[in-house]
Amino acid sequence: MRTKAVAKYLGFVLLFNALFLYISAAISFFLRENSLTPLLYSAVVCTILGLFPQIFVEKIDEINFREGMAISVFGWILTCFAGAVPYFMWGGEFTFANALFESVSGYTTTGSTVLQDVEALTKGMLFWRSSTHFIGGIGIILFVLLILPDSKGIRTSIYRSEVSGLSLMNFSMRAKRIVRIISIVYISLTVALVLLLWILGMSFFDAVCHSFATIATGGFSTKNLSIAYYDNVWIEVTLTVFMYLSSLHFGMLFLTFTGSRNNIFTSKVIRSYTFIILIGILLIAVNLINSSGYTWGEAFRHASFQVVSLTSTTGSATLDTDVWPLFSKIVLIYFTIQCAMVGSTGGGIKFDRIYLFFVSLKRRIKLIQHPQGVYVTKMNGNVVTEELELQTMAFIILYILIFFVITLLLAAMNIDGITAFTASITTIGNVGPGFGKTISSLGNFAPLPDAAKYLLSINMLLGRLEILNVITLMVILVKKNR
């Protein structure tokens with residue numbers, strides 16, 4: 001693995017961050033805010049560090065899969081540290097631990113926050129905070145791929161290291177075209193949501209920031225009360241629809257909009273995913289009516305928003321779900337573990353893997369009954385290879401193991417059980433809110449000790465990088481150093 005090749009493309013990552021830092025600095029400049037200096041300083045530093053390898057490292061004509069893996073993993077880590085600089089320089093509630101946590105939460109689109117007073121931030125800083133969602137939503141690596149040459153498979157090598165094999169099952173296109181399709185859908189959804197939220201009563205600035213968060217399935221808001229601040233049912237309905245769309249495979253959305261037969265309506269996996277969401281909404285709505293005195297309208301309004309918000313891993317809130325009945329909380333915890341679909345901006349185990357698990361289980365049962373039989377596992381008409389099945393099972397086991405280990409480590413820091421358990425689940429799933437006195441949907445992670453914030457930052461990155469990428473890179477580096 002060539003260090004110079006990796007460094008050259010990490011430079012592109014820093015330059016892309018610098019672009020949004022300059023925009024944020026411009027907002028602070030025109031509004032004469034005290035966040036101008038930290039934002040501009042951070043932008044200049046990112047620019048210099050990003051240009052350095054472009055100037056001093058020769059042109060790279062080929063990148064192998066290992067180098068693509070390193071660019072993907074180190075690109076995310078480098079970005080998170082770079083994004084923490086303006087927070088730390090600005091001060092306020094941002095200690096180093098808080099700044100890093102907020103940066104990682106933004107880029108990984110987790111949406112968990114350490115801020116007790118979000119509205120104390122300047123507009124320039126709020127825009128930067130929302131921009132980390134926009135950058136991280138589709139993946140900064142995929143954004144960078146748009147400007148990279150595709151000579152000798154550079155784009156393909158990096159793309160393969162960034163995405164799940166399941167998300168490619170329905171596509172035989174080149175990586176370059178897939179990246180463009182995903183980007184077109186991502187930007188189109190963002191623009192459409194900005195206009196709708198603006199029409200429905202949000203200020204243009206708030207509409208932009210909340211659209212960045214929603215399409216990226218993040219959750220950062222410009223208000224302390226999140227979406228509850230607006231108390232507008234049409235805003236909630238609009239956000240629910242866009243959170244749901246953003247939780248689907250972006251490539252499938254593109255095929256649907258272009259009239260392809262392979263679309264979200266013909267996909268058995270997406271139909272099953274939607275059915276599970278509807279069941280969850282119904283269960284919680286009935287529970288709220290019977291246990292908490294909600295009317296049918298109130299119950300379905302809040303159940304729909306919260307289920308879709310957590311399933312899509314957006315994490316926006318219209319009320320404090322920590323006061324809901326235990327049954328409703330357990331249903332929400334399930335969706336916090338399951339989460340969205342592969343090929344979306346969401347995190348978590350992802351529904352496709354859970355669906356594949358049960359399809360594979362069905363095949364295994366048939367093989368036990370008929371050992372001489374020949375059966376194949378299919379999803380949406382595509383044959384799933386044995387290798388992909390095993391990889392999926394390994395991912396699910398590792399995922400569950402990690403959030404239990406993180407839970408134990410948090411409990412060792414004297415954090416109460418429900419907070420430790422849901423903090424672990426919500427961060428590895430890049431969901432945002434958990435349950436408990438502090439980290440519920442209208443709470444924050446500020447009261448947690450710094451050690452817990454660093455641990456949960458690692459957990460968020462593991463979730464965003466889908467665990468296996470990190471483990472694979474670690475194995476590669478260990479073998480290299482032997």
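Start with helix α14, residues 326-338. It has 13 residues and reaches 19 Å from its first C-alpha to its last, close to the 18 Å expected at 1.5 Å a residue. That expected span is 1.5 Å times one less than the number of residues. Helices here are DSSP runs of H or I, at least four residues, numbered from the N terminus.

Two housekeeping points. This is a predicted model: local features need pLDDT of at least 70, side-chain atom pairs count only at pLDDT 80 or more, and totals for chains, interfaces and linings use all residues. Residues are numbered from 1 along each chain as its sequence is written, and side-chain values use heavy atoms, with hydrogens and water left out.

Back to α14. Which of its residues are buried? Ser 328, Lys 329, Val 331, Leu 332, Ile 333, Phe 335, Thr 336 and Gln 338. Buried means under 20% relative accessible area, exposed over 50%, and partly exposed in between, with a 1.4 Å probe and protein chains only. Those buried residues pack against α12 (268-292), α13 (296-311), α15 (351-369) and α17 (417-428). Contact means heavy atoms within 4.5 Å.

Take the α17 partner. The axes of α14 and α17 come within 8 Å and cross at roughly 35°. Axes are lines fitted to C-alpha atoms, for helices over the stretch in contact, and angles run from 0 to 180 degrees between N-to-C directions. The crossing is left-handed: the near helix is turned anticlockwise from the far one by less than a right angle, where clockwise would be right-handed. On the α14 side, look at Ile 333, Thr 336 and Ile 337. They meet Phe 421, Thr 422, Ile 425 and Thr 426 in α17. This contact has four nonpolar residues, three polar and no charged. Nonpolar covers Ala, Val, Leu, Ile, Met, Phe, Trp, Tyr, Cys and Pro; charged is Asp, Glu, Lys and Arg; the others, Gly among them, are polar.

Now the end of α14. Just after the helix, Cys 339 takes a positive phi of about 65°. Cys 339 sits in the loop between α14 and α15. Is this cysteine buried or exposed? Cys 339 has a relative accessible area of 0%, so it is buried.

Asn 414 lies in the loop between α16 and α17. Its relative accessible area is 77%, so Asn 414 is exposed.

While we are in that region, Ala 411 belongs to helix α16, residues 386-411. At 38% relative accessibility, Ala 411 counts as partly exposed. Ala 411 and Ala 394 are 17 residues apart in sequence and 26 Å apart in space, C-alpha to C-alpha.

Next pair: α4, residues 96-107, and α18, residues 450-464. They pack at about 20°, with axes 9 Å apart. The two helices are therefore roughly parallel, a label for angles under 35 degrees; over 145 is roughly antiparallel, 65 to 115 roughly perpendicular, and the rest oblique. α4 passes α18 in a left-handed crossing. The contact of α4 with α18 has nine nonpolar, three polar and two charged residues.

Last, α9, residues 204-215. This helix is mostly covered: 11 of its 12 residues are buried. Among them are Phe 205, Asp 206, His 210 and Phe 212. Thr 217 follows α9, with a positive phi near 50°.
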